[in-house]
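Let's take a friendly walk through a protein model together. Keep the sequence and the 3D view side by side as you read.

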Amino acid sequence: MVVAMVAASMASGLRIKAMAELCCYLTVVLCAFLVPCLAKLTTIEHPVKPNRSLSFLVVGDWGRKGFYNQSEVAFQMGRIGEKLKIDFVISTGDNFYDNGLTSVYDPAFRDSFTNIYTAKSLQKPWYSVLGNHDYRGNVEAQLNPTLRSVDKRWICMRSFVLKTELVDIFFVDTTPFVDKYFTDPEDHTYDWKGVEPRKNYLSSLIKDLKAEMRNSTALWKFAVGHHAIKSLGHHGDTAQLIKFLLPVLKDNNVDVYMNGHDHCLEHIASMNGAMQYLTSGGGSKAWRGDLKPDDDVNHSAKFLYDGQGFMSVEMNENEAMILFYDVEGLVLHQWKISKQLRSAV
């Protein structure tokens, strides 16, 4: 009788413990689903090196299954990545040509990404934004975390914040800002699920960016988008970004804005502030002879190159060094900014 009572008591205790563990598990699961809904912009944290430095590569407009020198650029990225011991790679968008991905099973993901960027040094996180060509495909496929089971490096979201001990990098979904994709899409079909109603989407995005930037205590602030704010390339300046995004960046003392879209490499200095505009859109097909240096009436362009290539960034608490490379890995332009002096060299 006593044994039976003890057994019953033990069984009851086990049931209570099991119920408690289940409740705890459900709480964790619910939190995992609720946090993204309650948060403004998703935040990712990335550690710096033990010496409190950081290095990374920036490339855009690349996804062409190795053609148009994409493989050659990838090879040089691997070489420079090893030399600098990079921590991650930033993609400025137009990740898969011509029309994004069709689904999470689209072979273009492997053909243009996994099977191209094979160097050991490039087996690091790839933080990516969407470009206009990506919006011509199945956007949700490219954003789907399922792709990480294919290639764990792939991290792509519409807008998010990458936080390190040195720099906060704000990734901005710029395609929905551009009027012509809505008013004159030509023969293209864009996937606006998750964007429409557009006015609400953009209003919320700007509000969230302001809040995140205002709350940032990082020593450095960078921003990344697909479209250029300032460019002397084929597409030129993006009027809607100058109107809506640029004031937010200036008000919050953003040091650098990095983009793709124009298939070239550029460094343009701000004429009325410290911010620098850097274009890295030479990941594959380039537009030779399609630059507009004559439009640089203020002589703000420090560097223009109409070929393929990429960028590297090395930084610590005191300075950031930015280099542009061509398809052969040769340094075309380098630039240093001192955080102490707040001036470009």
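The side chains of His263 and Asp61 are joined by a polar contact of 3.3 Å. A polar contact here is a pair of N or O atoms within 3.5 Å; within protein, one must be able to donate a hydrogen and the other to accept it, and residues adjacent in sequence count only if both atoms are side-chain atoms. Please keep in mind that this is a predicted model, where local features need pLDDT of at least 70 and side-chain atom pairs count only at pLDDT 80 or more, while totals for chains, interfaces and linings use all residues. Residues are numbered from 1 along each chain as its sequence is written, and side-chain values use heavy atoms, with hydrogens and water left out.

Where does His263 sit? You will find His263 in the loop between strand S9 (256-259) and strand S10 (265-269). Helices (H or I, at least four residues) and strands (E, at least two) are DSSP runs, numbered from the N terminus. His263 counts as buried because its relative accessibility is 3%; buried means under 20% relative accessible area, exposed over 50%, and partly exposed in between (1.4 Å probe, protein chains only). Not counting residues up to four places away in sequence, His263 touches several residues, including Asp61, Tyr97 and Trp287. Contact means heavy atoms within 4.5 Å.

Now turn to Tyr97, in the loop between S3 and helix H3 (108-114). The Tyr97 side chain also makes a polar contact with the side chain of Asp61, at 3.1 Å. With a relative accessible area of 13%, Tyr97 is buried. Leaving aside neighbours within four places in sequence, the residues in contact with Tyr97 include Trp62, His133 and His263.

What does UniProt list for "binding site"? Its unreviewed entry names Asp61, Asp94, Tyr97 and His263. These residues are spread over 203 residues of sequence, yet they cluster in space, with a largest C-alpha distance of 13.1 Å. UniProt positions are given in the numbering used here, feature names are shortened, and annotations may be inferred rather than shown by experiment.

Let's finish with a helix. The 18 residues of helix H7 (residues 198-215) should span 26 Å at 1.5 Å a residue, and the end C-alpha atoms are 26 Å apart, which agrees. The expected span is 1.5 Å times one less than the number of residues. Among the buried residues of H7 are Tyr201, Leu205 and Leu209. The buried residues of H7 pack against several elements, including strand S1 (42-45), strand S8 (220-225) and helix H9 (246-251).
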